[in-house]
Structures are given as C-alpha cells and as structure tokens.
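Me: I would like to learn how to read the features of a model such as this one, going feature by feature. Could we take the general idea each time and then turn to the case at hand?

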Amino acid sequence: MEYTPQQLNYFRICYIAFNLVPEGLRNVFKQEWNFLYVTTPLGEWKDIPQNGSDFYNNETGKSRKKNARYFATIQKGNTAEWDCSCLLFAILFSDSIGTTLSSTIRKEVDVLRQVRNDIAHINEVELTDAEFQNYVARMIAAFTSLNLSTDEIEDVKNQSSFPTAEVKSLKLKADGLKADLKAKNEEVKNLNSDLQLTQDTLQTKQEEVETLTQEINSKVESFCSLTFKPPHQIIRRSNDVTRIKIKLEELYNESKGAISTIYLSGIPGCGKSQFARQVGQEVYDKSLREDEGLTFVSTLNAETLDSLADSYFNLAKQLGVTEYALTNLATSTKVDSSEKIQHLMRFISPKVKQFSAWLIIVDNVVDLSMVRSYLPPTASEEWGHGQMIVTTQDTQSIPFNSPYTYHESLSKGMHPDDAVDLLREVSQISNQQQAEEVAEVLSISHLPWQLLQSTCKQLSAMVPLIMVGQNTWKH
C-alpha cells in the first residue's frame with residue numbers, strides 16, 4: 001500500500017509523540033527523582049517494585065485516591081511500563097515531584113503534553129508539511145531545554161518512508177490515547193454532574209438554615225383560636241362556664257405539671273361545642289387580664305382524622321413551625337392523615353413548652369378510642385403544663401374521673417339560672433319572677449340545648465298572655 005506525504009507526516013509525528021517523547025519523559029522523571037531523593041531513605045530510582053511502593057507511600061491520601069488508576073501501574077516501579085499519562089502525572093502533578101518542579105522543566109514538559117494531546121485529537125490520518133514541521137520544532141526545542149538527545153527526532157524528521165507494521169502499531173497507540181482522553185472527558189463530565197448535585201444540595205441546606213433562623217428569631221405570642229359562632233342566637237351559660245373553669249383550675253393545680261382533661265358529653269344539639277367555646281374564651285381572657293405569661297387556646301376538629309390533621313396544621317403555623325417543614329409534609333402524597341398527625345405532633349410538642357399554660361379544645365369527637373392516640377396524652381409532662389376539653393357523644397370510651405380527668409354530661413340540661421336568662425332573652429319576658437316560674441313549670445333547665453331554644457322562641461308568642469297576670473299563664 002502506498003501512503004501520501006500527508007499520511008507519512010502523521011505516522012512520523014505519531015512515532016515521535018508515542019515512542020520518543022515517553023522515553024524522554026522517563027529520563028526526566030528519573031533525573032528529578034534522583035535529584036530529590038538519592039540522598040534520602042527513598043534512594044535512587046532503579047525501576048524496581050520498592051521504588052513504586054516508595055512513590056505511592058510518599059503521596060498524600062488525596063493524591064492516591066484521585067489517581068488510583070495511575071498508581072495501579074506506578075506501584076510496580078518499572079517506568080518502561082508507564083505510558084505518557086502516568087509519566088506526565090508523576091512529573092507535573094504528583095506530590096513527590098510536581099510540587100518542587102522548576103518552572104523551566106514544568107514549562108517544557110507541559111509543551112510535550114500539549115503536543116501529544118493535539119496529535120491525539122487530529123481527526124484525519126494526515127498532516128501537512130507545515131503542521132508537521134511546527135510540531136517537530138516544538139518537541140526538539142523542549143528536548144533541548146530538558147537536556148535530552150534530539151538525534152532520533154531529527155532522524156524521523158528527515159525520514160521519507162515508514163514500514164507498514166510499525167505504522168499499524170502507532171495507529172493502535174493513537175487509538176488507545178484517544179480512548180484514554182475520551183475516558184478522561186467522561187470523568188470530567190461526571191465530576192461536573194456531581195458538582196452540580198452538590199451545589200443543589202448546598203442550596204437546599206442553605207434554605208433550610210434560613211428557614212430555621214427565621215423560626216428561631218420569630219417572636220412567640222399568646223393567641224386564641226376558637227370555632228365560629230353559630231348564626232342562631234346563643235346565651236352565655238355563665239354559671240355552667242364558671243363551674244367548669246373552677247374544675248379546670250382544680251385539675252391544673254392537682255396535675256403538678258402534667259396534662260389534665262375535661263370530657264363534655266351529650267347528645268347532638270345539647271350545646272357541647274358552644275359551651276366549650278365559651279369556656280375557652282373565658283380562660284383566655286382571664287389569662288390576659290391577670291398577665292399569667294404566654295398562653296394559647298386552640299380548637300381541633302376531631303370529627304375525622306382528615307379534619308384533625310387540618311386542625312393540627314393550623315395549630316403548627318400559629319406556634320411558629322416553619323413553612324418549609326409544613327409545606328413538605330402537606331404536599332407529600334406518600335403520607336396518610338394518621339402519619340401526618342404523628343409528624344405534626346412531634347413538631348408541635350416542643351413549641352407548646354414555651355407557653356406557661358395552654359388549653360386545647362378537641363371538638364366533635366365521634367370515636368374517642370380512635371382519636372385518643374392522636375392527642376396530647378393525659379397525665380404526660382412531655383407537652384408542658386396544659387389542659388384539654390374534649391366534646392364527644394362517645395360516653396362509653398370516657399375514662400373514670402381521676403386526678404387528671406373529669407367528666408360532665410350536658411344531656412341533663414343547663415344550670416337553672418342560665419336557662420332563665422335564655423328564656424328572658426329569647427321570649428322577651430322582662431319580668432324576672434315570671435321567667436323563673438315559667439322555667440320551673442316547663443322544666444326548661446332539663447331540656448336539650450336546641451329544644452330549649454325552640455321552646456323559648458315559641459314562648460315569645462305568649463308574651464301578651466304572660467303580661468296579663470300570673471294566674472292567666474299558669475292555667
């Protein structure tokens with residue numbers, strides 16, 4: 001097969017780059033090693049395994065890890081087995097030699113590295129005369145500066161033909177170098193990907209730190225969160241509220257730092273929720289008047305686990321739990337309501353300890369045995385010194401009264417004085433004595449809340465008769 005002059009230029013430059021340059025670099029490496037270590041315990045480089053072990057042990061752990069694929073060959077100690085990549089690393093970038101290399105040697109070795117890389121990136125297997133002469137001149141200048149013989153380079157420079165077998169060998173070496181460079185490019189690409197991942201992770205952590213800093217610096221204040229007032233007319237159950245407030249205070253004092261609970265039970269419509277709301281408002285107002293320190297009153301809708309989870313989210317926000325933590329939990333599709341409640345309770349429990357006292361109204365409990373495990377545990381001190389009022393129809397699951405609990409049924413009706421007040425307000429009976437007598441005759445105080453209101457409204461139509469006199473309405 002006949003080769004063109006441009007192809008011969010390519011083959012000749014490959015021979016210099018892949019045969020003669022490595023040999024020159026081996027001499028440079030041994031000269032630099034012997035210059036630094038011949039008078040030390042490491043001794044002269046003799047291309048033996050001990051030399052390779054000494055080189056490896058003399059490198060830092062970072063260098064060993066980063067250049068492990070080079071050390072697999074270097075540790076054998078025989079520089080004849082080292083390719084250009086190994087030699088360039090050992091001279092330019094190793095801890096043993098690269099850190100003390102003179103600027104002149106570093107510059108000229110780097111010229112050889114650049115020429116070698118340029119040749120490896122040539123796409124076509126050919127080289128113009130001008131390109132060939134330029135590369136050869138650069139390598140001869142580098143060899144001369146490094147005190148290396150240039151005789152063989154001059155011979156190849158003047159050569160006009162090339163044996164086919166040797167050309168094939170050089171092409172294989174060139175292909176190997178290209179594969180090596182491709183692998184390096186992949187390593188760089190992977191490093192860039194890892195760097196981007198690290199930067200993204202760092203940014204996420206910085207956002208977490210900023211959020212936590214805001215949480216730490218946020219000011220904790222007292223608050224009161226109660227259910228909305230109903231659209232219909234209601235009356236303050238002053239006597240009943242006062243009685244439950246006194247019971248709350250007794251339980252608070254007797255519990256000595258633990259959680260105490262009052263259960264309010266009764267049939268639907270008996271006024272449990274509104275009664276608990278009135279108690280909660282009274283407790284909060286009293287705390288503010290007497291300046292008892294930080295306090296809060298909050299309401300949890302415990303009709304279902306979903307409604308309870310929503311209520312806990314609102315409480316967590318009011319207590320200052322970070323939006324970052326709550327948003328991640330709220331948007332998670334892998335966590336059901338029960339798991340969300342457990343997570344929220346872990347967020348909330350350390351927050352409530354900042355309050356000197358607190359009251360949580362657990363409203364609309366249908367299944368007390370199911371809900372109980374998702375509430376602050378009665379008699380526990382892990383949530384600080386707080387109290388709960390639980391409204392429920394599930395009387396069978398209410399525990400017996402203990403130093404930490406109290407149960408009152410609202411099915412028996414209102415306190416007589418409160419019933420009379422409601423009667424006067426709704427029926428418009430202005431005479432106190434007449435209102436008391438009507439309430440006694442109709443046993444109003446024993447009526448359920450909704451029926452009581454309905455009865456009082458109906459009595460408003462009887463006001464003219466009532467005003468005629470006591471004997472008229474009695475009969």
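Me: How many bridges join E3 to E4, and do the two strands run parallel or antiparallel?
Reply: Strands of a sheet pair through backbone hydrogen bonds, either parallel or antiparallel. In this predicted model, E3 and E4 run parallel and are joined by seven bridges, with Thr-299 standing opposite Ile-361 in E4. On to the next pairing: E4 and E5 also run parallel, joined by six bridges, and here Leu-359 stands opposite Gln-387 in E5.

Me: In what order do the six strands of the open sheet lie, and which strands stand at the edges?
Reply: The order is E1-E3-E4-E5-E2-E6, with parallel pairing in this open sheet of six strands. Strand E1 (223-224) and strand E6 (405-409) stand at the edges, and each has a single partner strand, so one side of each is left without a neighbour in the sheet. As for the partner of E6, strand E2 (residues 260-265) pairs with E6 in the parallel sense over five bridges, and Thr-261 stands opposite Thr-405 in E6.

Me: Which strands does helix H10 touch, and which does helix H11 lie across?
Reply: Helix H10 (residues 238-255) packs on the sheet and touches E2, strand E4 (357-365), strand E5 (386-392) and E6, its direction making about 150° with that of E2. Helix H11 (residues 272-289) lies across E1, E2, strand E3 (295-301), E4 and E5, and runs at about 170° to E4.

Me: Is E4 largely enclosed or open, and why?
Reply: Here the reading rests on relative accessible area, where a value under 20% counts as buried. Eight of the nine residues of E4 are buried, so the strand is largely enclosed by the rest of the structure. Leaving aside residues up to four places away in sequence, Leu-315 touches Phe-223, Phe-296, Ser-298, Leu-300, Ile-348 and Ile-360; Leu-315 and Ile-360 are 45 residues apart in sequence, while their C-alpha atoms are 9.9 Å apart in space.

Me: Which residues of H5 are buried?
Reply: Cys-84, Ser-85, Cys-86, Leu-87, Leu-88, Phe-89, Ala-90, Ile-91 and Leu-92 are buried in H5. With nine of its 10 residues buried, helix H5 (residues 84-93) is largely enclosed by the rest of the structure. At the start of H5, a side-chain oxygen of Asp-83 reaches to within 3.2 Å of the backbone nitrogen of Ser-85.

Me: Which ring faces do Arg-12 and Arg-64 lie over?
Reply: Arg-12 lies over the face of Phe-132, at 4.2 Å from the ring centre, and Arg-64 lies over the face of Tyr-56, at 4.7 Å from the ring centre. Tyr-56 also belongs to the cluster linked by ring pairs.

Me: What is the phi of Asp-47, and where does this residue lie?
Reply: Most residues other than glycine have a negative phi, and most peptide bonds are trans. Asp-47 has a positive phi of about 60° although it is not a glycine; Asp-47 lies in the loop between H1 and H2 and, at 23% relative accessibility, counts as partly exposed. Asn-147 likewise has a positive phi, near 60°, in a residue other than glycine. Asn-147 is found in the loop between helix H7 (129-145) and helix H8 (151-157), and is exposed, with a relative accessible area of 70%.

Definitions and conventions: Residues numbered from 1 in each chain as written. Predicted model: local features only at pLDDT ≥ 70, side-chain atom pairs only at ≥ 80, totals over all residues. Heavy atoms only, no water. Pairing = 2+ DSSP bridges. Helix = DSSP H or I, 4+ residues; strand = E, 2+ residues; numbered from the N terminus. Contact = heavy atoms within 4.5 Å. Axes fitted to C-alpha atoms, helices over the stretch in contact; angles between N-to-C directions. Phe/Tyr/Trp six-rings, centres within 6.5 Å; stacked < 30°, edge-to-face > 60°. Lys NZ or Arg CZ within 6 Å of the ring centre and 35° of its normal. Buried < 20%, exposed > 50% of the residue type's maximum accessible area, 1.4 Å probe, protein only. Polar contact = N/O pair within 3.5 Å; in protein donor to acceptor, adjacent residues only side chain to side chain.
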